[in-house]
Amino acid sequence: MGRYILATMVAFFTIRIINVYCKNLDFKSISDKKYFISLNVGAFMIVIFMIGCVLDIFDISDFIRCFFPLWGLGLSLMLYGIKRRAMIKIFTGKAEEEDYKVYNVIKEKIIYIYIATLLLLLLYAFGITNDILL
């Protein structure tokens with residue numbers, strides 16, 4: 001029973017990530033490649049990781065142990081894309097108050113997310129080289 005609850009929580013989180021992705025997808029800003037690529041790749045990595053989590057919850061695969069850096073990288077890229085979108089709107093003069101809030105919050109917190117992602121990658125590299133994860 002606990003597996004189904006956990007899988008349902010992962011599904012709700014994935015739906016929320018897709019909702020945030022759709023909310024921040026701006027087709028007028030597609031010409032800015034840093035925004036478009038980072039948002040799309042980040043959201044794709046998170047969704048792939050969540051699908052792998054569900055497969056791992058039901059013991060179909062051993063996904064999380066091998067691919068857990070996707071979580072940190074995907075989140076970092078997606079937040080960078082959201083920050084870049086807010087920055088584009090601010091510089092073009094089409095920003096709303098919410099865009100200023102999003103930009104300031106992500107600007108303050110993104111260094112911590114980058115540090116956590118770096119530590120996650122170091123943990124992954126250390127685990128692979130010492131055969132802890134394999």
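Helices (H or I, at least four residues) and strands (E, at least two) are DSSP runs, and their numbering starts at the N terminus. In this predicted model, local features need pLDDT of at least 70 and side-chain atom pairs count only at pLDDT 80 or more, while totals for chains, interfaces and linings use all residues. Residues are numbered from 1 along each chain as its sequence is written, and side-chain values use heavy atoms, with hydrogens and water left out.

On that basis, the protein chain has five helices and zero strands. Read from the N terminus, its elements simply go α-α-α-α-α. Along the principal axes, the C-alpha atoms fill a box of roughly 50 × 35 × 25 Å. Contact here means heavy atoms within 4.5 Å. Among the contacts with a separation of 6 or more, 64% join residues 24 or more positions apart.

Next comes burial. A residue is called buried under 20% relative accessible area, exposed over 50%, and partly exposed in between (1.4 Å probe, protein chains only). Of the 134 residues in the protein chain, 35% are buried. D56, in helix α2 (residues 33–57), counts as buried because its relative accessibility is 17%. Setting aside neighbours within four places in sequence, D56 is in contact with S61, D62, F63, I64 and R65.

K83 sits in helix α4 (residues 69–92). K83 also counts as buried, because its relative accessibility is 17%. Leaving out residues up to four places away in sequence, K83 touches Y103 and I106. K83 and Y103 are 20 residues apart in sequence, yet their C-alpha atoms are 5.4 Å apart in space.

Accessible areas come from the Shrake-Rupley method with a 1.4 Å probe, and for residues only the protein chains shown count as cover. The protein chain exposes about 8700 Å², with carbon and sulfur atoms supplying 71% of that. Part of the surface is a nonpolar patch (residues with over 30% relative accessible area and no salt bridge, nonpolar side chains of Val, Leu, Ile, Met, Phe, Trp or Tyr being joined within 5 Å). A salt bridge, for its part, is a side-chain nitrogen of Lys or Arg within 4 Å of a carboxyl oxygen of Asp or Glu. The patch is formed by I111, Y112, Y114, I115, L118, L119 and L122, with about 740 Å² of accessible area together. One of these, I111, is found in helix α5 (residues 97–129) and is partly exposed, since its relative accessible area is 47%.

Conventions: Patch = residues over 30% accessible without salt bridge, like charges linked within 9 Å, V, L, I, M, F, W, Y side chains within 5 Å.
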